[in-house]
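Welcome, and please load the model in your viewer. We will go from stop to stop, selecting a few residues each time.

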Amino acid sequence: MPFDLLDARVRTDWTRAEADAVFATPFADLMYAAQNAHRAHFDPNAIEAASLLSIKTGGCPEDCGYCSQSVHHKTGVKATKLMGLDQVVEAAKKAKAGGAQRFCMGAAWRGPNDRDLGRVCEMVAAVKSLGLETCATLGMLTADQADELKAAGLDYYNHNVDTSPEYYGEITQTRTYADRLDTLEKVRNADIKVCCGGIVGLGEEESDRIGLLLALATLPKHPESVPINLWMEVDGAPVKSRAERLEPIEMARLVALARIMMPTSVVRLSAGRMYMSDEAQALCFLAGANSIFLGDVLLTTANPGVTKDEALLAKLGIEVRKVEARIA
Ligand code: SAM
Ligand code: DTB
Ligand code: SF4
């Protein structure tokens with residue numbers, strides 16, 4: 001190993017050779033190192049929970065090959081208008097009562113227009129006033145839009161790079177990796193926390209999955225939140241023909257790599273828990289995952305639901321609450 005696997009300090013100068021070496025570490029050593037990094041910065045027995053609401057579903061002009069909401073694919077998802085403020089507040093109250101710390105509002109846009117952004121800002125302010133952390137994912141932003149969201153009280157902006165820079169062109173043609181990085185920079189400049197991760201199981205190679213995490217770990221600043229989504233299969237989505245669901249040990253290795261390279265980031269085991277057994281999820285928590293989405297639905301696809309999750313977390317003795325990194 002070209003470096004100390006048990007050095008849990010934050011670094012943004014990770015190399016490809018280092019990432020590959022960490023990923024290939026024998027499983028027991030890898031899990032030990034991930035636990036070491038996790039325990040250096042977090043309570044290992046606590047995770048946080050976020051709740052998702054699709055405030056504007058379907059009809060998206062982008063062509064992301066994995067997504068149920070693109071107009072380019074026939075997936076059976078109906079396009080809706082932007083949801084009203086009251087309905088959003090109702091959903092946020094329910095999410096809070098259900099135990100969520102953060103409420104994430106997602107819209108199927110390439111980016112918001114200024115009129116819609118004003119309405120989303122009202123939603124952000126209203127959700128924030130309920131005592132929830134706020135997150136939004138609305139596509140590309142201008143610098144002014146990022147500033148407006150910040151002024152409205154937005155805590156986090158989710159904008160995923162999705163996969164490795166090399167594989168990106170295989171899943172989307174209507175935008176580039178550079179576009180994604182540009183919005184992420186605007187979000188940072190507006191002093192909004194960054195939630196940025198990706199999807200695995202799109203038919204990419206293992207090297208692309210490592211490349212995805214390396215791209216995140218070498219950003220000027222690590223995202224505060226790193227969602228790792230296992231692709232939720234969507235009939236009619238182009239990636240379906242080549243998609244391969246990852247097996248649990250590969251998922252745990254990826255979570256461990258994220259935990260080791262970005263030791264102070266909250267790593268979310270995001271979409272795809274529907275496909276994972278209790279044991280597979282437990283391995284991912286051991287590997288350093290410390291956030292989940294709560295509820296029966298994500299944006300358009302299924303999630304385990306609160307009853308099932310409560311039973312799992314009780315078995316593992318994991319408490320759901322806001323988690324914060326101790327910066328060592
Ligand atoms: N339209 C905005 C955008 O793409 O930035 C925001 C909403 S988009 C649905 C949010 C993220 O959800 C995507 O970046 C992608 O990583 C993830 N996602 C979309 N469809 C998915 C699926 N079927 N399975 C897993 N993750 C998915
Ligand atoms: C993220 O990384 N995962 C969430 C959230 N950010 C917006 C979305 C998951 C979507 C799963 C597919 C669907 O439900 O449509
Ligand atoms: Fe649109 Fe976002 Fe889906 Fe891409 S991932 S098609 S941008 S909603």
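A residue counts as near a molecule when one of its heavy atoms lies within 4 Å of it. Keep in mind on this tour that the model is predicted.

**First stop: ligand 1.** Select ligand 1 and the 19 residues around it; T137, N160, D162, R180 and M232 come nearest. Now look for nitrogen atoms of the ligand. One lies 3.3 Å from a backbone N or O atom of A107. For W109, too, a backbone N or O atom lies 3.3 Å from a nitrogen atom of ligand 1. With W231, the side chain takes part: one of its polar atoms lies 3.2 Å from a nitrogen atom of ligand 1.

**Second stop: ligand 2.** Which residues surround ligand 2? Select L52, S68, T137, N158, N160, P227, N229, F293, L298, L299, T300 and T301 to see them. Zoom in on N158, where an N or O atom in the side chain is 3.2 Å from a nitrogen atom of the ligand. Next, pick N160: a polar side-chain atom there lies 2.9 Å from an oxygen atom of ligand 2. Then turn to L299, which has a polar backbone atom 2.9 Å from an oxygen atom of ligand 2.

Is β7 (residues 225-230) enclosed or open? Six of its six residues are buried, so the strand is largely enclosed by the rest of the structure.

β6 (residues 198-200) runs parallel to β7 and is joined to it by three bridges; in one of the pairs, V200 has L230 as its bridge partner. Follow the chain from β6 through helix α8 (residues 206-217) to β7, and you trace a right-handed β-α-β crossover. Strand β8 (residues 266-269) is also parallel to β7, with four bridges between them, and here P227 stands opposite R268. Together β7, α9 and β8 form a right-handed β-α-β unit.

**Last stop: helix α2.** Select residues 27-41. The 15 residues of α2 should span 21 Å at 1.5 Å a residue, and the end C-alpha atoms are 21 Å apart, so the two agree. Colour L30, M31, A33, A34, Q35, A37, H38 and H41, which are buried. Finally, show α1 (16-23), α9 (248-261) and α10 (278-286), against which the buried residues of α2 pack.

Notes: Residues are numbered from 1 along each chain as its sequence is written. Chains are lettered from A and ligands numbered from 1 in the order in which they are written. This is a predicted model: local features need pLDDT of at least 70, side-chain atom pairs count only at pLDDT 80 or more; totals for chains, interfaces and linings use all residues. Side-chain values use heavy atoms; hydrogens and water are left out. Helices (H or I, at least four residues) and strands (E, at least two) are DSSP runs, numbered from the N terminus. The expected span of a helix is 1.5 Å times one less than its number of residues. Buried means under 20% relative accessible area, exposed over 50%, partly exposed in between (1.4 Å probe, protein chains only). Contact means heavy atoms within 4.5 Å. Two strands pair if DSSP finds at least two bridges between them. A crossover is right-handed if, with the strands pointing away from the viewer, the path from the first strand over the helix to the second runs clockwise. A polar contact is a pair of N or O atoms within 3.5 Å; within protein, one must be able to donate a hydrogen and the other to accept it, and residues adjacent in sequence count only if both atoms are side-chain atoms.
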